[in-house]
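Let's take a walk through this one, ring by ring and then helix by helix. Have the 3D view open and follow along.

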Amino acid sequence: MPTPTLSLALIVKDEERCLARCLSSTAGLFDETVVLDTGSTDRTVAIADEHGATVHTFAWVDDFAAARNAAIAHTSGDWVLMLDADEWLLPGADAVLADVRRQAPTFVGEIDVASTIGLRTAGDPGLDGRKPGTRREESPDSAVDGGTTASGWIPRLLPRGVRWTGRIHEQPDWSGPILRTGIRAGHDGYTPELIAAKRGRNAALLRTELQEQPDDAYLLLQLGRALESDREYADAADTYLRALSLTDPAVPARHDLVVRLLFTLGQADRTQEALDVADAEGTRWSESPDFHFCLGDLLLTHGIAHPEDTTQVLPMIEGAWLRALEIGDRPDLVGAVAGRGGHLAAYNLAVLYESMGQPGRASEFHQRSRDLRPLR
């Protein structure tokens with residue numbers, strides 16, 4: 001059998017900020033690179049040309065699947081890997097792609113996309129009335145300063161002939177096996193400026209999709225994420241609740257859904273609803289650091305908004321973050337955020353102990369946070 005060939009395909013628009021990085025990370029790994037431009041007015045096309053890509057144009061029609069399908073229609077490889085311009089291949093991709101060349105294109109491959117997400121320092125008064133500067137995590141879709149990473153397995157490696165479906169958060173139209181590959185990519189598209197530029201766009205496209213498929217749990221999850229990114233927390237929580245009612249407990253994405261639901265309910269000051277969800281899901285996610293980390297964050301948010309409950313929630317916050325730290329990071333869980341079972345939990349505990357007047361414990365957990373923080 002002839003050695004399978006590999007194509008790389010991207011859809012782009014005004015990506016001069018990051019396109020060179022993406023194409024540099026893929027240099028020499030593919031038989032061809034196809035870039036589909038949907039209306040750039042900056043140097044995007046010139047950068048693609050400089051890196052040896054074949055550039056085609058496409059009129060944007062508010063449909064990501066249509067654009068992706070137009071891009072892969074210009075490819076000739078037996079395998080097609082699709083990347084976004086704000087992604088780049090991480091070390092080790094060359095060995096994995098060499099292995100792909102030894103396999104018949106009989107499956108869709110998922111790649112591990114590690115997104116840089118932001119952390120903020122809360123400006124609200126702490127539980128003792130001071131401003132302890134507790135490091136509070138933002139939604140992964142509303143990043144601020146880029147403090148850690150959230151990984152997700154996304155289908156991107158397609159056999160020739162497979163097409164995409166869905167106006168947004170599109171998926172391969174494929175009923176065969178879907179396997180995780182060893183391909184890893186970085187992603188930095190969650191800066192405040194980029195999020196602001198997309199505000200409202202994703203939610204509008206998803207609502208159009210949901211008119212045709214109102215009970216699609218995947219689309220509801222993605223709509224919730226879009227609303228969460230737009231900081232419409234009450235609407236996001238309601239959407240997540242509906243998605244949860246339609247999601248089988250065995251579906252791996254339920255983990256991400258539950259954690260996001262806890263966060264948005266907390267931000268909407270609906271603590272009791274969030275605790276009811278936590279009670280219902282607690283046994284299923286007892287070994288999830290993300291679940292316990294976000295439970296502690298939920299209770300902290302409640303305590304700041306309702307200081308009369310401080311005495312009650314302080315030990316619950318402490319217990320939740322200690323449990324997250326005890327479990328350790330679980331990158332295998334969908335939507336897992338690096339550090340929730342490590343340096344982020346330790347840091348939050350350190351600041352919590354400072355606010356409680358326990359400097360010895362605070363110093364201990366500050367050191368643990370430093371020890372657990374990954375090297376940069």
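Start with a charge over a ring: arginine 68 lies over the face of tryptophan 164, 5.1 Å from the ring centre. Keep in mind as you look that this is a predicted model.

The structure has five aromatic pairs. One of them joins phenylalanine 293 and tryptophan 321, with 6.3 Å from centre to centre and 40 degrees between the planes, which makes the pair tilted. Phenylalanine 293 belongs to helix H11 (residues 289-305) and tryptophan 321 to helix H12 (residues 310-327), so this pair ties together parts 28 residues apart in sequence. Are these two side chains buried or exposed? Phenylalanine 293 counts as buried because its relative accessibility is 2%, and tryptophan 321, at 0%, is buried too.

Finally, turn to a pair of packed helices. H7 (residues 217-229) packs against H9 (residues 254-267) at an angle of about 35 degrees, and their axes are 11 Å apart. The crossing of H7 past H9 is left-handed. Which residues meet there? From H7 come Leu221, Arg225 and Glu228, and from H9 come Asp256, Leu257, Arg260, Phe263 and Thr264. Sorted by class, that contact has four charged, three nonpolar and one polar residue.

Methods:
Residues numbered from 1 in each chain as written. Predicted model: local features only at pLDDT ≥ 70, side-chain atom pairs only at ≥ 80, totals over all residues. Heavy atoms only, no water. Phe/Tyr/Trp six-rings, centres within 6.5 Å; stacked < 30°, edge-to-face > 60°. Helix = DSSP H or I, 4+ residues; strand = E, 2+ residues; numbered from the N terminus. Buried < 20%, exposed > 50% of the residue type's maximum accessible area, 1.4 Å probe, protein only. Lys NZ or Arg CZ within 6 Å of the ring centre and 35° of its normal. Axes fitted to C-alpha atoms, helices over the stretch in contact; angles between N-to-C directions. Left-handed = near helix turned anticlockwise from the far one by under 90°. Contact = heavy atoms within 4.5 Å. Nonpolar A, V, L, I, M, F, W, Y, C, P; charged D, E, K, R; others polar.
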